[in-house]
Amino acid sequence: MALTPETTIGTAADADLAVLEARLLGRLIRPGDRDYDEARQVVHTLVDRRSDYIVRAADAADVLRAVEFARAYSLPLAVRSSGHSFAGLGTVDGGVVVDLSKMNAISVDPRRRTVWAQPGATSSELAAATQAHGLVLSTGDTGSVALGGLTTGGGIGLLSRKFGLAIDHLRSVELVSADSRLIVASATQHPDLFWAIRGGGGNFGVVTGFEFDLEPVGTILGGALLLPATIDVIRRFADYALTAPDELTTIGTLMRTPPLPMVPAEMHGKPALVILACYAGDPTEGQRIIQPLRDLAEPIADLIHPMPYADIYKLGGAEGQRTPVTTKGGFMHELTDGVIDMLVENLYDGFDPFAMIQLRPLGGAITRIPNDAMAFAHRDKAFALSLINLGVERENQQWVDRTWDTLKAHTSGVYVNFVGDEGQRRIADVYPAETYARLAEVKRRYDPTNLFSINLNVAPAE
């Protein structure tokens, strides 16, 4: 039964809602339903919105019907895979939310070294499924983040220096378009759309399936190394992380030392550089490659050891739990002495106990694809900087704003998946002018009415 809306939602909408609900393999959740409050929540507790309709999709047909309903009634439409968007883009006041979290099927073809996965599958779930065959995909660094938003934003993660971004291994996608078609996009089918999806976020449709190439990796050398947070240690870490073999990907976080059992009690709450390391190669050789990190200073704690790649996601503990997050950041071409001085000054002078400064050395395989090959256009950057605060008070947010004001002039561009609640003013930082113009033209072809606008939005070209 086709939807035939009137100019306002009334009896016809009630009838169409009944039709929609009857046709769904998944569920339609509305205010008043016993699990509505749980269903409307996203990971970040500072985001508190109330949607009129939540379609918890079970398959691509459910997604198609939800998109058709939202379009027919001109309702705002939000899409979420796991609800981790820092900006809260997985929900909307009023309107429709397409919840893809139950669409998490994974199918590995070990002979072809490929995997097909739905958008609700998480990095940890995917790693466990592919690791069983000695294969991996470079995805994110947080196991509870689902593939939908992660991949369409680019996919920077713990194997990026060795294998590049998640989008670098994408073979094809299946997605529901704004006009409710189920489309397959690849290098040979809808190549313009395929270009745009790889970094263009959720602007072009709802991805319902991904096909990726996989890489052979067995045991890795990985874990965390806690070091004193001094100017010299940070500088030498940054220098080595960029020049180390591609097999080594690291993330350095400046933070207060957590009260873990393996950390001496006298160091609890003290500033530290926490290095998360992943060496994707022979673990014995990895020990030699990681040793220069250990030599930076006497470690506060050394938790690096051989493990299956999938186990590195267990280090985050209860990472999927809801938490407040305020964040700002950007890419950098270099980490100058002046910037390091500012980082350390912020770390020791008025540093918020809920705050973190995260440095991601990039380079390696990321740089070996041209900047314009996909919509992700920041392959030439050396570092990604993120300021993160997990507190709920206004002072916590002010720490991010104050610190960002001292650092933003040293950044160039920003990763779409790391943009916080900063609105459209950062869209020019996400996409250089030529990239944005090309995205706008693809948007005009596939979503001329801007149905998919609850995102870092690219407006259709006129």
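**Exercise 1. Determine which residues Lys381 is in contact with, leaving aside its neighbours within four places in sequence.**

Solution. Contact means heavy atoms within 4.5 Å. Under this criterion, and with neighbours within four places in sequence set aside, Lys381 is in contact with Phe331, Met332, His333, Leu362, Gly363 and Ser412. The structure is a predicted model, in which local features need pLDDT of at least 70, side-chain atom pairs count only at pLDDT 80 or more, and totals for chains, interfaces and linings use all residues. Residues are numbered from 1 along each chain as its sequence is written, and side-chain values use heavy atoms, with hydrogens and water left out.

**Exercise 2. Locate Lys381, classify it as buried or exposed, and state which side chain it joins by a polar contact of 3.1 Å.**

Solution. Step one: Lys381 is found in the loop between β18 (355–361) and β19 (383–389); strands are DSSP runs (E, at least two residues) and helices likewise (H or I, at least four), numbered from the N terminus. Step two: Lys381 counts as buried because its relative accessibility is 7%, where buried means under 20% relative accessible area, exposed over 50% and partly exposed in between (1.4 Å probe, protein chains only). Step three: a polar contact is a pair of N or O atoms within 3.5 Å; within protein, one must be able to donate a hydrogen and the other to accept it, and residues adjacent in sequence count only if both atoms are side-chain atoms. The partner at 3.1 Å is the side chain of His378. The side chain of Asp380 also makes a polar contact with that of Lys381, at 3.3 Å.

**Exercise 3. Explain why strand β10 is described as largely enclosed, and identify how many bridges join β6 and β8 to β10.**

Solution. Step one: β10 (residues 206–213) is largely enclosed by the rest of the structure because seven of its eight residues are buried. Step two: two strands pair if DSSP finds at least two bridges between them. Strand β6 (residues 114–117) runs antiparallel to β10 and is joined to it by four bridges; Thr114 has Asp213 of β10 as its bridge partner. Step three: six bridges join β8 (residues 170–176) to β10, again in antiparallel fashion, and Val176 stands opposite Val206 in β10.

**Exercise 4. Describe the setting of Ser123.**

Solution. Ser123 is found in helix α4 (residues 123–131). Ser123 counts as buried because its relative accessibility is 1%. Leaving aside neighbours within four places in sequence, its contacts include Thr139, Gly140, Leu150 and Tyr313.
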